[in-house]
Amino acid sequence: MSTTGANADPLAALGALPGVAESVESVRKAVDRVYGHRIMRRRSNEITGEAALRGARGSAALSGADWALEEVRRRSDFSGDGEARVVGAALRLTAEAGQLLSIWRQSPLRVLARLHLVAAADQADEVGRPRRKGEPVDEPLVELPLPDAEEAHGRLEGLAALVTADGSAPALVTAAVVHGELLALRPFASHNGLVARAAERIVLVGSGLDPKSVCPAEVGHAELGRAAYLAALDGYVSGTPEGMAAWIAHCGRAVALGARESTAVCEALQRGAA
């Protein structure tokens, strides 16, 4: 996404694209349904914990580790094969995201570096910082052309400026742009998809749209499927108004599906308490 030009608030301009306002309103209604559920008034911590688990499972699935929810719930050791490490990284990121909300609005680049460090869980030289010229990227499920390191750094700075500008764009638009830009740039040597989805969650929670983190967009992205996810991402990368609006709408559907998932959890808990 270009972060330059005459418009002082490019995110707000995206919010004015055809169909985006409808997506924003649909998401708001879905979120309101969860927060208005009677179970949320008494057991919101349980809903938050379950949403975190299901969100981590969904994010891992989009990065190639499509495990059943009960398998994720049962496991305690994620140090085995590649899929186990992906699931472990997704769980760590979900737990860490809630600790970084206060830092995000002041220093999003610091938060992104921390997320990568947590996801990678090692002390290699390329961990916890954007990639340098010539360094490869391990992100096999995203096959878009890879911007060079210099372009990625510049666009990261531009993204950070947008996040900290305190503009008027709806939370959904900001979250979608953060998510899409990180996937387009793949600024780290690995785990970019996991980091992008964790950053989307931070925006949705920190904006006040989903303050209790009970509407895991990762669940919706996984439910919509990897093919639809990558097709919508192509629209974002195209930079066209239609493509950008389609990506934002896709992210909106994902949030609404995450909200629906937590509503179902609320209803299951209510039945159990009856």
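Begin with α5, which contributes four residues, the largest share of the lining of the largest pocket. Helices (H or I, at least four residues) are DSSP runs numbered from the N terminus, as are strands (E, at least two). The model is predicted: local features require pLDDT of at least 70 and side-chain atom pairs count only at pLDDT 80 or more, whereas totals for chains, interfaces and linings use all residues. Residues are numbered from 1 along each chain as its sequence is written, and side-chain values use heavy atoms, with hydrogens and water left out.

## Stop 1: the largest pocket

Select Val-86, Asp-138, Ser-190, His-191 and Leu-194. Of the 29 residues that line the largest pocket, these five lie nearest its centre. The elements that give two or more residues to this lining are α5 (82-97), α7 (108-120), α10 (192-206) and α12 (226-238).

A pocket is found on a 1 Å grid over the protein atoms alone: it is an open set of points where a 1.4 Å probe fits, with protein on both sides within 12 Å along at least five of seven lines, and lining residues have an atom within 4 Å of a point. The volume of the largest pocket is about 500 Å³. A volume is the space filled by probe spheres set on the points, which are joined across faces, edges and corners.

Colour the lining by residue class next. There are 14 nonpolar, seven polar and eight charged residues. Here Ala, Val, Leu, Ile, Met, Phe, Trp, Tyr, Cys and Pro count as nonpolar, Asp, Glu, Lys and Arg as charged, and the others, Gly among them, as polar.

## Stop 2

Of the 15 residues of α10, 14 are buried, so that the helix is mostly covered; buried means under 20% relative accessible area, exposed over 50%, and partly exposed in between (1.4 Å probe, protein chains only). From first C-alpha to last, α10 reaches 21 Å, close to the 21 Å expected at 1.5 Å a residue. The expected span is 1.5 Å times one less than the number of residues in the helix.

Now step back to Arg-186, in the loop between α9 (171-185) and α10. The phi of Arg-186 is near 45°, a positive value in a residue other than glycine. Arg-186 is buried, with a relative accessible area of 3%. At the other end, α10 is followed by Gly-208, whose phi is positive, near 95°.

A further positive phi in a residue that is not a glycine, of about 55°, is found at Ala-121, in the loop between α7 and α8 (149-164).

## Stop 3

Select α12. Its 13 residues should span 18 Å at 1.5 Å a residue, and the end C-alpha atoms are 18 Å apart, which agrees. Which residues of α12 are buried? They are Tyr-229, Ala-232, Leu-233, Gly-235 and Tyr-236. Viewed down the axis of α12, the buried residues fall within an arc of 150°, so they line one face of the helix. The arc is that of the directions from the helix axis to the C-beta atoms. An α-helix has 3.6 residues a turn, so residues three or four places apart point the same way.

The whole structure contains three aromatic pairs, where rings of Phe, Tyr and Trp (its six-membered ring) pair if their centres lie within 6.5 Å; planes under 30 degrees apart count as stacked, over 60 as edge-to-face and the rest as tilted. Just after α12, Gly-239 has a positive phi of about 75°.

## Stop 4

Pro-241 lies in α13 (residues 241-273). This proline is partly exposed, with a relative accessible area of 46%. Draw a distance from Pro-241 to Pro-18: the two are 223 residues apart along the chain, yet their C-alpha atoms are separated by 8.5 Å.

Then select α2 (residues 20-35), whose 16 residues reach 23 Å from first C-alpha to last, close to the 22 Å expected. Val-20, Ser-23, Val-27, Ala-30, Val-31 and Val-34 are buried in α2. These residues cover an arc of only 95° around the axis, which puts them on the same side of α2. On the other side, Glu-22 and Arg-33 are exposed. Ser-23 has a relative accessible area of 14%.

## Stop 5: Glu-50

Finish at Glu-50 in helix α3 (residues 38-62). Is Glu-50 buried or exposed? Glu-50 is buried, with a relative accessible area of 15%. From Glu-50 to Tyr-229 the C-alpha distance is 23 Å, across 179 residues of sequence.
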